[in-house]
Amino acid sequence: MDHNELWQNVLGEVEVQISRPNFLTWLKNSQLMGKNEKDGVALVGLPNNFAKEWVKNRYHKLILGSLRNFDTSVRSVNYTVISGTPNQIQCAKAKKTEDLGKPQLPLVESRVDPRTNLNPKYTFASYIIGSSNELAHAAAQAVVNDVGKKYNPLFIYGGVGLGKTHLMQAVGNAIHEKYSGKVNVLYTTSEKFINDVVWSVRNKRMEDMKKKHRDVDVLIIDDIQFIGGKPATELEFFHTFNALHENNKQIILSSDRPPAAIPTLEERLRSRFEGGMIADITYPDYEMRLAILKTKIQNQGLDIEDAVTEHIAAKVQKNIRELDGVLNKIAFFQQCKNKKIDIKKVDEIIQETSTVSTKNITANDVLKSVSDFFEIPLNDLINKGRKQEVVEPRQIAMYLMREFLKMSYPHIGEKLGKRDHTTVIHAYEKIQKEMTQDSNLNQKILLIKENLNKV
Amino acid sequence: MKLILLKTNIVEGLFSVERATGINTNLPVLKNILLSAQNNKISITATNLELAITHTIQGKIIENGRAVMPAVLFGSVIKNLNSERITIETNENTVRVITDNYEATIQGGNEKDFPIIPHVSDVKNSIRVAVDVFLESLGSTIIATQYSDIRPEISGVFFTYSNEKLTFVGTDSFRLAEKIISGSGVASTFDEVSFIIPLQTAEELMRVIQKSDDEVTIHTDQNQVFFITKTKFVTSRTVDGRFPEYQPIIPKSTENEISINRQELLNAIKLVSSFSGRTNDITISVGENKKFIEISSQEGSLGSSVYKVPSKVKGEIFSVVFNWKYLYDGLRIYSSDEIILGVNTPDKPAVIRDPKEPSLLYVVMPIRK
């Protein structure tokens with residue numbers, strides 16, 4: 001019988017012996033925290049001090065007797081207050097918070113440095129290096145040592161949650177520290193940049209905007225892909241970029257894809273982005289994920305078994321942020337239940353957290369979602385017909401099968417009505433090329449991908 | 001139990017404890033007070049299982065004992081009596097209140113049902129604070145605190161002792177008040193300790209503890225905090241959770257500083273506030289020559305008003321919008337005539353400071369224009 005079960009039995013027995021209000025007031029939310037096998041002392045946790053005093057003084061005999069009925073090894077009982085449980089007895093009258101309307105600004109609690117916008121928690125020391133990001137890391141280090149000269153601009157790209165922001169902020173923090181604040185660093189996101197442009201256009205304060213972004217020695221912009229397709233922002237950014245670049249000021253940019261693949265980006269910006277150093281960050285391998293997990297566990301002072309850690313590293317593959325989420329949930333679970341987590345529960349947590357379904361996607365799933373998306377019958381996709389409206393969907397299907405299922409070209413051809421593998425190669429390359437130019441196509445593929453993950 | 005008490009003493013005791021009685025719980029005994037005579041001490045106690053208050057009163061004990069009776073009933077009997085000398089006698093669960101020309105028998109409860117009040121477990125360690133300093137500090141920080149279901153960790157006053165300083169902090173995420181006590185006002189045997197007391201506890205402390213109490217001794221263990229004076233004993237659970245890191249919120253410096261007469265600014269705000277809109281917004285802007293500031297408000301359906309207050313301005317010409325209530329609250333916790341209002345940009349926190357009293361600080365966020 002585990003502690004939980006034992007305690008439920010005890011409560012069941014006690015409940016019939018005391019009045020219901022008393023039971024609800026004093027013993028609801030109580031727990032058996034543990035038992036010392038050697039001297040037979042059981043430790044009972046209660047939600048607050050009042051309950052602790054009351055139970056200790058009034059129900060001690062009852063509880064000890066009842067515990068001994070189920071577990072004869074119990075010799076005595078100690079009581080403690082569990083913190084972190086909701087206090088059931090809430091009498092404080094809630095003052096109605098005034099409706100202040102939106103405009104009242106809240107105090108910001110982040111530790112972000114207001115001048116540089118950098119969050120000091122991102123440092124090189126806490127950045128874990130593996131084969132997937134060592135190029136980007138080395139380039140970032142080089143930038144710190146040789147600000148504005150060596151790799152300018154530094155363009156980092158990679159998928160969601162792989163540590164682009166961490167790396168860029170680490171560069172900013174390292175520069176800020178190394179030159180003890182003499183070098184002005186500014187970190188901003190492209191969303192903020194866009195807002196700044198919009199604000200300054202509306203308020204006719206373009207000069208402020210220019211001053212803010214051009215009077216810096218290091219400008220770091222996160223998620224630059226979002227400025228694509230916003231002409232005024234692109235223009236402003238173009239001028240900012242030139243002004244900084246001419247004066248050998250360092251520029252660091254990040255994006256979720258290489259400059260060539262940002263569809264709406266103007267050509268002159270694209271060529272500028274490509275003029276410096278482009279480094280990618282890819283998915284971390286198993287060893288690296290394990291190293292990241294272990295570091296996080298150590299930093300948070302958690303107690304998680306190695307087997308569990310290894311299991312998580314094996315299961316969560318694509319996103320470091322997801323690793324974080326899983327870890328936090330496990331920490332929460334262990335704290336609440338006060339027991340170690342097992343692999344089965346970990347799997348449940350991963351299931352809940354994971355945005356990508358772990359289910360395998362098959363070639364047929366791809367075909368189905370493409371035919372659903374374009375609203376053309378599945379057969380038309382496979383049949384020989386070369387009607388204009390089926391050609392592109394068919395090519396997209398081929399592209400997706402190649403890109404995501406890593407199927408061989410002949411196999412894809414097989415699936416799509418015994419087509420030749422050269423046809424498939426042509427389709428794949430065509431789509432890949434067009435994606436870099438046609439945002440419409442890009443959007444379509446993104447939507448199909450989302451649908452696929454939902455299946 | 002048999003006691004002879006003075007009416008004023010009982011009324012005083014009832015005043016202290018009455019708001020700690022519990023309502024709406026499934027434990028009816030919480031509506032009662034406990035009257036106890038033991039070890040030559042007479043005390044009245046009430047609790048709602050979150051907060052407990054005991055007030056020791058003077059009187060003559062003829063026979064020791066304990067009695068539990070409804071707080072409201074006992075209160076209305078005592079308060080309306082016109083004799084000063086009252087005899088209280090208990091028999092089983094009934095309480096008799098006797099004066100020369102009046103006698104009441106109150107149906108009480110079983111004293112064994114009354115909750116047991118937690119006692120100080122760590123007697124050795126305490127923080128001692130002079131009562132006037134305590135009340136002033138708690139009073140200054142409580143105004144910035146508000147009850148919040150969403151963020152329980154800020155719906156209370158944060159106490160922290162370290163480096164021989166006791167700091168009080170209150171915030172509702174739009175403003176923050178901090179008061180630091182050091183030197184002769186505070187003595188502690190803790191090296192470092194911090195806890196959050198619930199807002200209701202803070203409010204009751206303000207009500208119950210009086211200047212005549214001399215000194216407040218604070219004890220705490222992890223989950224419980226005790227405030228003890230000569231005649232009062234207030235204990236409460238502490239708020240679970242960690243108080244936010246508030247230091248980085250406080251601006252290190254302010255670019256624009258207005259040095260101004262506090263009373264005049266208070267008057268101006270009060271007057272101008274009549275024309276403020278739903279968000280309580282008033283605008284503070286620096287006038288030409290930087291010789292005065294303008295406090296103004298306007299609301300389409302009401303009209304507008306402007307008030308000019310002479311002041312010394314350091315920095316540039318600017319204009320910031322505030323919630324007048326927040327500003328008014330902040331100004332009221334100061335006592336000096338001259339205060340400084342420090343403003344950075346219209347979207348950064350502003351600070352109210354008293355050049356003569358650096359231990360008190362009030363930070364307030366503006367309203368977006």
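## Helix α7 of chain A and its two partners

Helices α7(A) and α9(A) are roughly perpendicular to each other, because angles of 65 to 115 degrees are given that name, while those under 35 count as roughly parallel, those over 145 as roughly antiparallel and the rest as oblique. This is a predicted model, in which local features need pLDDT of at least 70 and side-chain atom pairs count only at pLDDT 80 or more, whereas totals for chains, interfaces and linings use all residues. Residues are numbered from 1 along each chain as its sequence is written, and chains are lettered from A and ligands numbered from 1 in the order in which they are written.

The axes of α7(A) and helix α9 (residues 231–246) of chain A cross at roughly 100° and come within 10 Å. Axes are lines fitted to C-alpha atoms, for helices over the stretch in contact, and angles run from 0 to 180 degrees between N-to-C directions. Helices (H or I, at least four residues) and strands (E, at least two) are DSSP runs, numbered from the N terminus. On the α7(A) side, A:Phe193, A:Ile194, A:Val197 and A:Val201 meet A:Ala232, A:Thr233, A:Glu236 and A:Phe237 in α9(A); two residues are in contact if their C-beta atoms, placed from the backbone, lie within 7 Å. The contact of α7(A) with α9(A) comprises six nonpolar, one polar and one charged residues. In this classification Ala, Val, Leu, Ile, Met, Phe, Trp, Tyr, Cys and Pro count as nonpolar, Asp, Glu, Lys and Arg as charged, and the others, Gly among them, as polar.

A second pairing involves helix α7 (residues 190–202) of chain A and helix α8 (residues 206–214) of chain A, whose axes come within 7 Å and cross at roughly 150°. The two helices are therefore roughly antiparallel to each other. Here A:Asp196, A:Val197, A:Ser200 and A:Val201 of α7(A) meet A:Met206, A:Asp208 and A:Met209 of α8(A). The residues of this contact divide into four nonpolar, one polar and two charged.

## The five-stranded sheet of chain B

In chain B, five strands form an open sheet in the order β5-β1-β7-β8-β9, with antiparallel pairing. Two strands pair if DSSP finds at least two bridges between them. At the edges stand β5 (59–63) and β9 (103–107) of chain B, each with a single partner strand, so one side of each has no neighbour in the sheet. From one strand to the next, the twist averages 20°. Helix α1 (residues 7–17) of chain B lies across β1 (2–6), β5 and β7 of chain B, and runs at about 90° to β1(B).

Strand β7 (residues 85–91) and strand β8 (residues 94–98) of chain B pair in the antiparallel sense over five bridges, and B:Glu89 stands opposite B:Arg96 in β8(B). Five bridges also join β8(B) to β9(B), again antiparallel, and B:Val95 has B:Ile106 in β9(B) as its bridge partner. The hairpin that joins β8(B) to β9(B) passes through four residues. Of the five residues of β9(B), the number buried is zero, so this strand lies largely in the open. A residue is buried if 20 or more other C-beta atoms lie within 10 Å of its own, exposed if 12 or fewer, and partly exposed in between, with C-beta atoms placed from the backbone.

## Strand β17 of chain B

Strand β17 (residues 224–228) of chain B is mostly covered, with four of its five residues buried. Strand β16 (residues 215–220) of chain B is joined to β17(B) by four bridges in an antiparallel arrangement, and B:Ile218 stands opposite B:Phe227. β17(B) also pairs with strand β18 (residues 232–237) of chain B in the antiparallel sense, over five bridges; B:Val225 stands opposite B:Ser236 in β18(B).
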